[in-house]
Amino acid sequence: MSAPPEIIDLIERFREHESAYMAASYNETSLRDDFLDPLFDALGWDLNNRSGYAQAYRDVIKEESLRTDEGVKAPDFTFRIGGVRKFFVEAKRPSVQLVTALAPAYQLRRYAWSAKLPLSILTNFREVAVYDTRSRPEKDDKASKARVFYCRFDELEEKWEWLKAIFAKEAILRGSFDKYVDDNRAKRGTAEVDEDFLASIEEWRNDLAHNLAIRNRSLTEHELNFAVQRLLDRIIFLRICEDRGIETYGTLQGTIKRPGAYAALCNLFVAADAKYNSGIFHFRKEKGRDEAPDQISLNLKVDDKVLKSIIGNLYYPAGPYEFSVISADILGQVYEQFIGKVIRLTAGHKAVVEDKPAVRKSGGVYYTPSYIVDFMVSKTLGPLLKGKTPRQLTKLRMLDPACGSGSFLISAYQYLLNWYVEFYANNNPDRWRKGSQARLVQTRTGLRLTLSERRRILLTHIYGVDIDDQAVDVTKLSLLLKVLEGETEQTIQPFLSVFQERALPDLETNIKCGNSLISPDFYSETQLALDDMELEKINVFDWFGKSGFQHIMQDGKFDVVIGNPPYIFVRDNLTKAETNYFTQRYRLSWDKHNTYLLFMELLLELVAEKGASAYIVPNSWLTIESGRLLRGAYIDRLTALADLNYPVFNNVAMEPCIFFATGKPVKGAVEVLCASSRSEFTTAAGSSVERGRWRGNADRITISQSETVAAVLATLRSNAGQIGDRFDVRTGMQAYEKGKGTPPQTQADVDDHVFDRNGKTDAQTHPYLQGKDVNRFGLAWSGMWMRYGPWLSQPRDLEMFVRPRVLLREITAKPPYSLLSCYTDETYLSNKSVLTILHEKDDSAELKALAAVLNSKLMTLFYKGYGVKGERKLFPKVVIRNLREFPYPKTSHRTSINNLSALYDRIVSTKSKAAAARTPHAKEAASRQLDAYQNQLDTTVFALFGATEEDRDAIEGVLELATE
C-alpha cells in the first residue's frame, strides 16, 4: 500500500520548492509547522491535543528549549502513550545533511539513550533517519552508527509502510513497536544508560572513598559512607538541575576550573541549602527541624583531581548523559544497585567497597521493573481516587514500608500528580489558577501543577521507611527531583523572593530510616547483651511513636500500603536476638521465617480498614506450609492475584506473584491471572476464583485451574485416602556436609567428593542414583557409585535402599505426565532428589500399582492442584510432606491392585521392546502399544478414584492446554 494522499502532497510540495526550503533562512519552526506536524498527524498522532487531554496524558509534547549554551536543548517532539514516552523526534532544518552530519545524530542518540528509549527519529523531512538508541553514543560516531532506517523525501512514498508499521500510534498500541525492538535487540555488550551510569558512579564512589579515607583519617566507617553518598548525591542533584534549566548551566563545572575545587563546591552546597530546603543540603540546625544537620561534609579535604574526574564526566563531550530526560525511575534503578554496596575501612584506614552483608546473603539487589510498579500503583490508588475530589483526599496516605530507592513512591507520586492536574483541568480550571494558593499554571505546552501544589501533594500523601539510611537518602533525592520536573529557575523564583520559602519540601517527616519489622519492645532484658553496633544495625522503628507515624496510625492508618519487601531467610542471615524477636512478635509467619512473610504480616497492621494494599513477593507463599497461617489471614482480604511464572527480576531464579488485599474481609470472587511472559502479563485477560475453594484446600492458594476442574479434584480427593496412610514415604540420603558424618567431614572431603567411586571397590560400595536417573517406568542409572557408611552426612538406613520400593524423582516434568516414578527391588543408594516409598509387607504388586497411579494423568492434576511447588515453572518439585498427603484410591480389592501391577509390567516390557526395536515399523508398533497401555492405565486410575466421563474430559482438557 502506498502513502496516503496527504503525504504524497507533502512530498510534491517539498520537491517543487526544495531550493527555498534548503535556504538558511528556512528554520526548524517553519519545518515543524509545514511538514513534520502533517507527517506525524498522518501516522495517527494528536500533535495539537485536539482531544483535550490533560498535560500528563497528551500524545505529543513539543519541548521548549531549556538553554542555548553549546546548542543543547530538549528534544523537539516527545511521543507518548498514556503519558509514557515511546520515542523522540529531533528536527533539523533541511539544509543540514543528515546522512553524513555527526552532531545531529549524536544529539538525538544522546537524548534517547539517556531516556532509555530504544528507537528515535532524526528528520528534516528532506531526510528521515531512525536510530536504535540502546547503545552508548560517542561524539565521534559516524552518522550511520546505529542507524536502522534511512530514506530521502522522494523515497518516502515507497518506504511509508515500514515507517507506519513501527511508528504509527495504532501500531504502537498493537505492540508492533515493542515487537520490532524485541526482535532487533542491541548487540550484546552494549550498555544502556542505567548500566553505564551505574558503572560511572561506582567508579566515582571508589575514587572518592579512597581519597577521603587517605585525606581524612579521623572519619569512621559510617561517616565515610555518609560523606561519599552525600557528596555524590549533591553533585548529581545540581547537575540534573542544570540540564533542566533550574540552575545555570556550567555552574558545577566552574568549580573545577581552578585550584580549591572542593571549597568552591561547598559554597554551591551552602547556597543550595538556602535555595532548596532539602535534606540533601542541610548544614545548620534550624528551628522546628528535628533532623540533625550534616557537620562532616563542609570540613572534609578532597583532592581536585578526584573532583575534576567526576564533574568533568558529567558534561559534554566527556559524558553522553542528558539529564533533562533521565527519568526518576531510571535513576532509581541505578541507585538501587549502587546502594547494595558499602565502603569498609581496613586496619590501615584504606577504603574497600564490597557488597552489603544482606545483599550477599540474598544473592543481589532486585529492582522491580517499572511496568510492574505502575500496574500495582494504578490498581491500588486508582479505585480509591475514583469519583473523589481533592477535598476528600486530604487524609489519603500511601506507604512503602521497605522503600529502597523509592520506585513505588515515585510511581505513586506521579500517579497522584496526573490525577490532580486532570481533575483541576476538567473542573473549572480558571478557578484553580487564581489566588496565592493557585493549583494550576498555564505554560506553553499546557496546564501544569504549580510548584506549591506539587509540594503539597508529596507531603500530604507519600510516606516511606527503610532500614538503610542510604536508601532513605536516595528516595528523598528521587522524590525531590520529581517535584522539580518541569520547573525552571524562573518558576521557582517566587518561592525565594515573594513567599520567602525555599523551593523544596523537607521530607524528614515523610521518609524515615528504621527497621519496619522491629519495634522498641525489642529492647528487653534478653537484648541487653548486644553492643552499640548491633543495636544500630537493628535500628528499631516505632510506628506508634513520635519518631514514627504516630498521628497516622492513630488516625485510621495508611490508605495504601504497597511495595516489594526484602526476601531474606531469618534463620540463616540475622542475629539470634532478631530471630527470637520475630518468633515471638510474628505469630502468623512461623517455621521457616523469611522477611517477606514478616512484612506481609506487618501489612495487616498498617493498612486502614477501607484501604488497599499490594506486594510483589515470591509465589511460594501461596502453597508453602510456613505460609499456612498467613494464607488463612489473607484469604478473605484478597481482591486480586497475579502469578508471574517468568523471570521478572534479572538473573533471579524466583517466580513472584503480586497480591492485592483490602484492610478488612470482603466477599465475592478474587480476580486472578497467570502469566508466563511480560507480554502475557500486560495483555492477557484474567479470570475469577471463588475464595471458598482455597479454604477447602488446606489453605493452599492455587489459581491456574478452572473452577470446574478444582471442584472435580476436590470431590475425588474427598473420596480418597492418602499415600501416607498406606505407604512409608522417605527422603534419600545426603552424602556430603562439612562437620557431619563419623568422623566429621572436612571441607576438603566435601569439595573432593571423597566417597564417590567409578566402580565397586569393596562390599560397602553400591550403585548411586541421582534424580536424573529416575524416569517413568524405569531407571537410567548413570553409572555412579558411592561408598556407604556412617562417614556420610545423612546415610539413612541401608535397608531402605535394598527393599522393594517405588522411586519418585523430586523435580517434575511438564504435563500431561509430570510425576516420574518407577518400581525397583535392586540395590541402589539414592540421594535427596529421589523420594523413596516403601510398603510394610514389601508387596511388589502394591508398589507397582502405586507407581502406575503416580504415572497417571489424574495424579499430575492432583500434584498441580495440591503440590506446594507444583505451580512453579522454575524447578517444580514434589516435597515429601505433600507426597504423603497426595490422594490414593481407598480400594483394597486385590483384583484392582493386580490389574494395575500387570499394567505396570506390560508398560515396562513394551518400553524395553521399543528401545530394542531396530526398524521403523517395529518402533512404531511398540509406540502404539505403549499409548494403548497408558490410556488403559489412565482409564483404570480415573475409575478407581470414582471419576465420571465428564470429569475425565474436563481434566484432560486442562492438561491438553498445559502442554501447548
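Guide: A residue is termed buried under 20% relative accessible area, exposed over 50%, and partly exposed in between (1.4 Å probe, protein chains only). This is a predicted model, in which local features need pLDDT of at least 70, side-chain atom pairs count only at pLDDT 80 or more, and totals for chains, interfaces and linings use all residues. Residues are numbered from 1 along each chain as its sequence is written, and side-chain values use heavy atoms, with hydrogens and water left out.

Visitor: Which residues of α15 are buried?

Guide: Helices (H or I, at least four residues) and strands (E, at least two) are DSSP runs, numbered from the N terminus. In α15 the buried residues are Tyr 371, Ile 372, Val 373, Met 376, Val 377, Thr 380, Leu 381, Gly 382, Leu 384 and Leu 385. Among the elements that cover them are α16 (407-426), β15 (607-618) and α27 (678-683).

Visitor: Where is the kink in α15 centred?

Guide: The bend at a residue is the angle between axes fitted to the seven residues ending there and the seven starting there. In α15 a kink of about 25° is centred on Ser 378. After the helix comes Gly 387, with a positive phi near 75°.

Visitor: How many salt bridges are there?

Guide: Side chains of opposite charge can pair when their charged atoms come close. A salt bridge is a side-chain nitrogen of Lys or Arg within 4 Å of a carboxyl oxygen of Asp or Glu. The count by this rule is 50. One of them joins Glu 354 to Arg 344, with the closest N and O atoms 3.0 Å apart. Glu 354 belongs to strand β8 (residues 351-355) and Arg 344 to strand β7 (residues 341-345), so the pair ties together parts ten residues apart in sequence.

Visitor: Which residues are linked in a network of salt bridges?

Guide: Asp 728, Arg 730, Glu 799, Arg 803 and Asp 842 form such a network.

Visitor: Is Asp 951 buried or exposed?

Guide: Asp 951, in helix α37 (residues 949-962), is buried yet has no salt bridge. Lys and Arg count as positive and Asp and Glu as negative, while His and the chain ends are not counted. The nearest side chain of opposite charge, Arg 952, is 11 Å away. A polar atom of the Asp 951 side chain lies 3.0 Å from the backbone nitrogen of Thr 948.

Note on methods. Contact = heavy atoms within 4.5 Å. Polar contact = N/O pair within 3.5 Å; in protein donor to acceptor, adjacent residues only side chain to side chain.
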